[in-house]
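This report describes a structural model for a reader who meets it here in its sequence and three-dimensional form.

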There are 2 protein chains.
Amino acid sequence: MGVIHRRSGRDWEGVKGWENVRAQQYPDPALAGVRKHELIGEQEGARGYRVRYFQVPPGGRTARERHPHDHGVVILCGRARVTLGEETKDVEEGDVVYVEGGELHCFESTGAEPLGFICVVQARPG
Amino acid sequence: MGVIHRRSGRDWEGVKGWENVRAQQYPDPALAGVRKHELIGEQEGARGYRVRYFQVPPGGRTARERHPHDHGVVILCGRARVTLGEETKDVEEGDVVYVEGGELHCFESTGAEPLGFICVVQARPG
């Protein structure tokens, strides 16, 4: 049987959350205020991919990192300066970003409103 | 190297599209007006999953179908009546729907504005 998580609020701005989805935060002070919501994954029954929503406050950023798996990103609100390898690009609501496996990446929230984006990743192996 | 597809329009309503992404339509008259945009997939380098955006005009619907692969869906605009097996549920902007593999499903656009949603699926095998 499928699963529905209803959004607790009705716009994309601010931290609203979803029913039965716990927002996760990071202990790293550089990532203060960043929240990750695991919307669809193993818990819902999905074995091939995970769908997450990240919210980053104005002036904040996601982890600056590289790893073997790639990311499929859709910006839902706010603005971002995206690092992709040695390049940076400015993106905004509606833009789509593909982060290659092994590529250094970081999303900085450069707008006055929080940055929010969907980030898809393949499921954990094994 | 990663890829960015910039959205051609700046809101989620209406049919706006993305740079370098061709909207696909369906020959089936029952699916008139439905547009699919393959945002991230093999063409961008993603091998584990595909990220698509579907737009459904008011009164329209997606294919009523079942298949082995599952779907991860995030509603971005509009309203939908979602069929999941023998049940139907009303959902709206921000709601998240997981469609299990093998489950009958259909998204009917029930609002005054077009329905738009992200739909993630695992990559085609082989």
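A salt bridge is defined as a side-chain nitrogen of Lys or Arg within 4 Å of a carboxyl oxygen of Asp or Glu. The model is predicted: local features need pLDDT of at least 70, side-chain atom pairs count only at pLDDT 80 or more, and totals for chains, interfaces and linings use all residues. Residues are numbered from 1 along each chain as its sequence is written, chains are lettered from A and ligands numbered from 1 in the order in which they are written, and side-chain values use heavy atoms, with hydrogens and water left out.

**Salt bridges**

Over all chains, the count is 12 salt bridges. One of them joins B:R79 to B:E92, with the closest N and O atoms 2.9 Å apart. Because B:R79 lies in strand β6 (residues 79-84) of chain B and B:E92 in strand β7 (residues 87-92) of chain B, the pair ties together parts that are 13 residues apart in sequence. Strands, like helices, are DSSP runs numbered from the N terminus; a strand (E) has at least two residues and a helix (H or I) at least four. The table lists several salt bridges with their N to O distances.

| Salt bridge | N to O distance |
|---|---|
| B:R79 and B:E92 | 2.9 Å |
| A:R81 and A:D90 | 3.0 Å |
| B:E87 and B:K89 | 3.4 Å |
| A:D95 and B:R6 | 3.5 Å |

Exposure is expressed as relative accessible area: buried means under 20%, exposed over 50%, and partly exposed in between (1.4 Å probe, protein chains only). B:R79 is partly exposed, at 46%. In chain A, A:R81 has a relative accessible area of 35% and is partly exposed, and A:D90 is likewise partly exposed, at 44%.

**The interface of chain A and chain B**

Contact means heavy atoms within 4.5 Å. The contact between the chains takes 45 residues from chain A and 45 residues from chain B. Buried area is the accessible area (1.4 Å probe) that two parts lose on being put together, summed over both. Between chain B and chain A it is about 3,700 Å², of which carbon and sulfur atoms give 59%.

Across this interface there are 2 salt bridges. The side chains of A:D95 and B:R6 meet in a salt bridge of 3.5 Å. Strand β1 (residues 3-5) of chain A is joined to β8(B) by 3 bridges, and the two run antiparallel; strands pair if DSSP finds at least two bridges between them. Within this pairing, A:I4 stands opposite B:V97 in β8(B).

**Residue B:T62**

B:T62 lies in the loop between β4 and β5 of chain B. Is this residue buried or exposed? At 10% relative accessibility, B:T62 counts as buried. A polar atom of its side chain lies 2.9 Å from the backbone nitrogen of B:F107. Not counting residues up to four places away in sequence, B:T62 touches B:L31, B:V56, B:C106, B:F107 and B:F117.

How values were computed:
Polar contact = N/O pair within 3.5 Å; in protein donor to acceptor, adjacent residues only side chain to side chain.
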